[in-house]
Amino acid sequence: MKKVIVDARGRVTPASSKSHIIHRFFLASAGGRLGINFWYGPKQLEDLEKARTLVERSIDLYFEEETIAQAKAHFKSYLPLNNLITVSVDSPNGHLGAAHRHDPEQFLHISRHEASPGLVCGDIVAGMWEVTLSLHAIVTDYCEYSLQIWQEEEAAQ
Amino acid sequence: MTWIACELHTHTFHSDGRQSLNELALGAKALGFDCIALTDHNTMAGLARKEQIERETGLLIIPGMEWTTFFGHMVIIGVKDYQDWRRVGPGDIHAGLARVHEQGGLAGMAHPFRPGSPMCTGCFWEFEIRDWNEIDYIEVWSTTFAPVKKNNIRAYRLWTDKLNEGFRLAATSGRDWHLQERTDAPLSVTYLRIQEGEAPFTERAIEALSSGRVSVTLGPRLDLEVNVNGEVYQIGDAVKGSDERERLASVKVLADFTSRHEHWHLPEQSFTVSLKSNLGVLSEHAAMPEQLPLHTEISVQGLLWMRAELWGIIQGVRTLIAFTNAIYFD
């Protein structure tokens, strides 16, 4: 039986870049498998002028003076600009890894016997768990996300 | 001691790579590498089958991860357990470095001048470093055909600046290897000179890197020896100071053109062998491969460090082809 524990939606802005959103939730019973479905969008900044402004600002910040003009002339080589949010998981017993990937939709799971890439197997114990959303870059005016977390029975091994 | 060919910056599908550890290991082996460090972004989950893959492929694997933080990317290798990066702010890197060192690991600045946010958040190093003695190495050559890239030239200059300030830190290359794809671009290799012995390989590799026994190249492996008062010093060594110290040292620059020779190509040419130091260029000689090793004498007065560089033409571009890490002077 699938028991949904978290069903959250949110909206973040560029000001939220370089921040984390932690969803801390309580599992009343141990066992089974933890499922996570995470989605965010839009992925890309489509507005070329806004993208150009952001890239040029970045070039001013990160490039040496003598290379700035050339880099700005080739600003398109840095496009598209993308939002990037990654997911990591902590059980009451410790850290269970991260899924640092660029996919805007991820289905992840953890159980004693198996785990999605980036995550490590671990007992689904009762107690306070955390799923952390790490906002590496938000480049669009708004970025919506949804996060569902559930506990379910694990298929027989 | 033995030189081994290493690729110290790699990823699998456990982060954003598009390869398994087995595919990565087979690919590295096919390119003549002896060793890789697995440095997935913010996870060590990809190491689950490390020992099995080492046995099956014959490739040695150093455990690690790339701390992919918002304020800098730092490759940490030789650590046993995951180190949490998520609470680290731009002024907190020394706490992270201490945790890496407590575990017997080493930390290197990854591609410190690659453009940062929003193109690649954290790719540009923005952490405040209050004590450079705690930085073990700088990845001065990142990605392929590294020495011609502006951000790598800047990283190489940073390393040189720190050596000039008296810090003793290593310089490495890292492909930042995410997938198996054929490329004609020259590949960098970081050679580590490893001690023989019974200690686990990772410990010996970490000791070699920590001691600066490192040589980086797109082709032939460059080596450097300094003889002062009959005592021979090699890459990573510190020449002992004394009042009676000879003012002159015999220097030998060697290049092994047989190392991984089937995996790189250099047109027939006369190379430039350069000895660089805190005092600038100590000597520069043109040499065909058969004219190496090259012997020269230099004054050691005022020297803090010295390294060898090999310059030449590769794929039509005159560039730095290989460099040694430093020999230091107390």
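In strand E4 of chain B, Ile76(B) is the residue that stands opposite Met65(B). This comes from a predicted model, in which local features need pLDDT of at least 70 and side-chain atom pairs count only at pLDDT 80 or more, while totals for chains, interfaces and linings use all residues. As for labels, residues are numbered from 1 along each chain as its sequence is written, and chains are lettered from A and ligands numbered from 1 in the order in which they are written.

The hairpin around that pair is a handy place to start. E3(B) and E4(B) form it with 4 residues between them. The two strands run antiparallel, with 5 bridges joining E3(B) to E4(B), residues 73–77. (Strands, E, of at least two residues and helices, H or I, of at least four are DSSP runs, numbered from the N terminus; two strands pair if DSSP finds at least two bridges between them.) E3(B) also has strand E2 of chain B, residues 35–38, as a partner: here the strands run parallel, joined by 4 bridges. In that pairing, Cys35(B) stands opposite Leu60(B). E3(B), residues 60–68, is largely enclosed by the rest of the structure, because 8 of its 9 residues are buried (20 or more other C-beta atoms within 10 Å of a residue's own, with C-beta atoms placed from the backbone).

Zooming out, chain B is assigned domain 1 (2–216) and domain 2 (218–329), with bounds that come from an automatic or database domain assignment. Their C-alpha centres are 24 Å apart. Across the boundary, 22 residues of domain 1 of chain B are in contact with 23 of domain 2, contact meaning C-beta atoms, placed from the backbone, within 7 Å. On the domain 1 side, E9(B) gives the most, at 3 residues. By class, that side has 13 nonpolar, 7 polar and 2 charged residues. (Ala, Val, Leu, Ile, Met, Phe, Trp, Tyr, Cys and Pro count as nonpolar, Asp, Glu, Lys and Arg as charged, and the others, Gly among them, as polar.)

Chain A is also split by the assignment, into domain 1 (3–44 + 82–152) and domain 2 (48–78). The centres of these two domains, taken over C-alpha atoms, are separated by 33 Å. Then there is the interface between the chains: 28 residues of chain A are in contact with 22 residues of chain B. Two or more residues on the chain A side come from each of helix H1 (48–62) and strands E4 (84–91), E5 (94–99) and E7 (127–137) of chain A. That side holds 12 nonpolar, 13 polar and 3 charged residues.

Technical notes: Contact = placed C-beta atoms within 7 Å. Buried ≥ 20, exposed ≤ 12 C-beta atoms within 10 Å, placed from the backbone.
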